[in-house]
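Reader: Please take me through the aromatic rings in this model. Keep it brisk, and give me the cut-offs as you go.

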Amino acid sequence: MTTTSPFTYRFEAGARAGAPPLLLLHGTGGDESDLLQLGQAISPGAALLSPRGRVLENGMPRFFRRFAEGVFDEADVRMRAKELGDFVTDAREHYGIGAPIAVGYSNGANIAAALLLIQPEVLAGAVLLRAMVPLSDPPAFDLGGKPVLILSGRQDPIVPADNAYRLSTMLSTAGAKVDHQILPTGHQLSQTDIALARTWLADVALATGQLKHAISAR
Ligand code: MLT
């Protein structure tokens, strides 16, 4: 798949049964290696799929175009979210993995949120670190109880508090099971993000396992 995929990416096979695969989505200026350590830290042994954003802004990879900081080219957001969704679908087939939980930081969190809004079936859930509303007028969608963790920074100069709040409301109104926490920090990630994401992912893996068990016992 590496030779035919439009994305440059890294894949690490999972080593722990029951750990949902993670789709790692870096921030502006990052690449496919950026979040591998974070992925290993928050869900040891999970399969990791980590693409590099295909848009370049002054040489910095991103997942979609923007006109200015926080002002997004929404036609591009839609097109890129679809492209990313197709990539995940191909990768799932190629590597034989289940629907991943997206773990996105900043621009990566914003494309993950767009993917949830446009192609919710691609993801099993999402951890959105410093995310904003990616689309002002998303299509009607049903997130059917998908788990979403949003971690925002109270002093974040890039993400206004009301924007993060709107995203959280938008996703929960559409049926996602949203846990939105506001941390005493800025746009950068902190150890608290890692600790919270790790606990949340362990709970999600447990709940998914229990559900599978209950279904197979019927
Ligand atoms: C974005 O463009 O997605 C957000 O402003 C976050 C960023 O990448 O700075």
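Author: Here is a close look at the aromatic rings.

This is a predicted model: local features need pLDDT of at least 70, side-chain atom pairs count only at pLDDT 80 or more, and totals for chains, interfaces and linings use all residues. Residues are numbered from 1 along each chain as its sequence is written, and side-chain values use heavy atoms, with hydrogens and water left out.

The structure has 5 aromatic pairs. Rings of Phe, Tyr and Trp (its six-membered ring) pair if their centres lie within 6.5 Å; planes under 30 degrees apart are stacked, over 60 edge-to-face, the rest tilted. Ring pairs join Phe7, Tyr9, Phe11, Phe87 and Tyr95 into a cluster.

Take Tyr9 and Phe87. Their ring centres are 5.3 Å apart and their planes meet at 65 degrees, so this pair is edge-to-face. Tyr9 belongs to strand E1 (residues 9-12) and Phe87 to helix H2, so the pair ties together parts 78 residues apart in sequence. Helices (H or I, at least four residues) and strands (E, at least two) are DSSP runs, numbered from the N terminus.

Tyr9 also pairs edge-to-face with Tyr95, at 6.5 Å centre to centre and 75 degrees between the planes. Here strand E1 is linked to helix H2 across 86 residues.

Now burial. Buried means under 20% relative accessible area, exposed over 50%, partly exposed in between (1.4 Å probe, protein chains only). Tyr9 is buried, at 9%. Phe87 is buried too. Tyr95 is partly exposed, at 27%.

The charged end of Arg54 sits over the Phe7 ring, 5.7 Å from its centre. The test is NZ of Lys or CZ of Arg within 6 Å of the ring centre and within 35 degrees of the ring normal.
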